[in-house]
Amino acid sequence: IPKELETPHEIVQIIKEHGELKDMFDTMGRAERGFKIHKIEPRKDEKSDTEAVAVWVASDWHIEEGVNPDWVNGLNNHTLEISASRSEQYFINCLRLTNMFARDVKINRIVLALLGDFITNDIHEENREINLLTPMEAILRAQEYIASGIQFILKNSKYDLTIVCASGNHGRTTDENYYSTEQGHSLEQFMYKTMEIQFKNE
């Protein structure tokens, strides 16, 4: 060891670096010798005895919030026609995926979780400028989208359907969030209750 590196601290540092280099070369040597491959058995084709529940989560659709391509350098666009198409594709694709999984696992039930913010509402000044519908028009359209999707499930599948509802932040009729009386000031709660009446016999 050169005299200029004879301090205890520097000697310890050299020993540490030597150990790290040795570990690195050992690892490189193991990689050059190859690696182990184990056999993976394919899954049998017969249907499993296990059971599953399909959970479909729907939230934050903001159906009436307009996005003009000119505002975002052509990167995005959102109109009422697009929101209608997306809602239809949501239900179509969710059922398609559920049916795909039902080939291997027993599925009897769909849980449709409606978790709110289906509308943007005019809770902020900016929303009043860019929204394509008034709040009441928007909640009625959202109800149309969701009720049509529920009817689609009932008509095109044999699954039992459980619907869980939660009001979002954007559906409120107040300027601020009211936590203790949130449901009493929610357009989405009103929407859920009217749909409950619509499908009460299902």
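Residues are numbered from 1 along each chain as its sequence is written. In this predicted model local features need pLDDT of at least 70, side-chain atom pairs count only at pLDDT 80 or more, and totals for chains, interfaces and linings use all residues, while side-chain values use heavy atoms, without hydrogens and water.

Colleague: How many aromatic pairs are there?
Modeller: Rings of Phe, Tyr and Trp (its six-membered ring) pair if their centres lie within 6.5 Å. Planes under 30 degrees apart count as stacked, over 60 as edge-to-face and the rest as tilted. By this rule, the count is four.

Colleague: What is the angle between the planes of tryptophan 61 and tyrosine 90?
Modeller: A pair of aromatic rings is described by the distance of the centres and the angle of the planes. Here the centres of tryptophan 61 and tyrosine 90 are 5.5 Å apart. The pair is edge-to-face, with an angle of 70°.

Colleague: Is tyrosine 90 buried or exposed?
Modeller: Buried means under 20% relative accessible area, exposed over 50%, and partly exposed in between (1.4 Å probe, protein chains only). Tyrosine 90 has 15% relative accessibility, so the residue counts as buried.

Colleague: How many residues apart in sequence are the parts tied together by tryptophan 61 and phenylalanine 91?
Modeller: Their rings form an edge-to-face pair, 6.3 Å centre to centre and 85° between the planes. Helices (H or I, at least four residues) and strands (E, at least two) are DSSP runs, numbered from the N terminus. Tryptophan 61 lies in the loop between strand 1 and helix 2, and phenylalanine 91 in helix 2, so the parts tied together are apart by 30 residues.

Colleague: Which residue's backbone oxygen does the side chain of histidine 170 reach?
Modeller: Histidine 170 sits in the loop between strand 3 (160-165) and helix 5. Its relative accessible area is 14%, so histidine 170 is buried. At 2.8 Å, its side chain reaches the backbone oxygen of threonine 120.

Note on methods
Polar contact = N/O pair within 3.5 Å; in protein donor to acceptor, adjacent residues only side chain to side chain.
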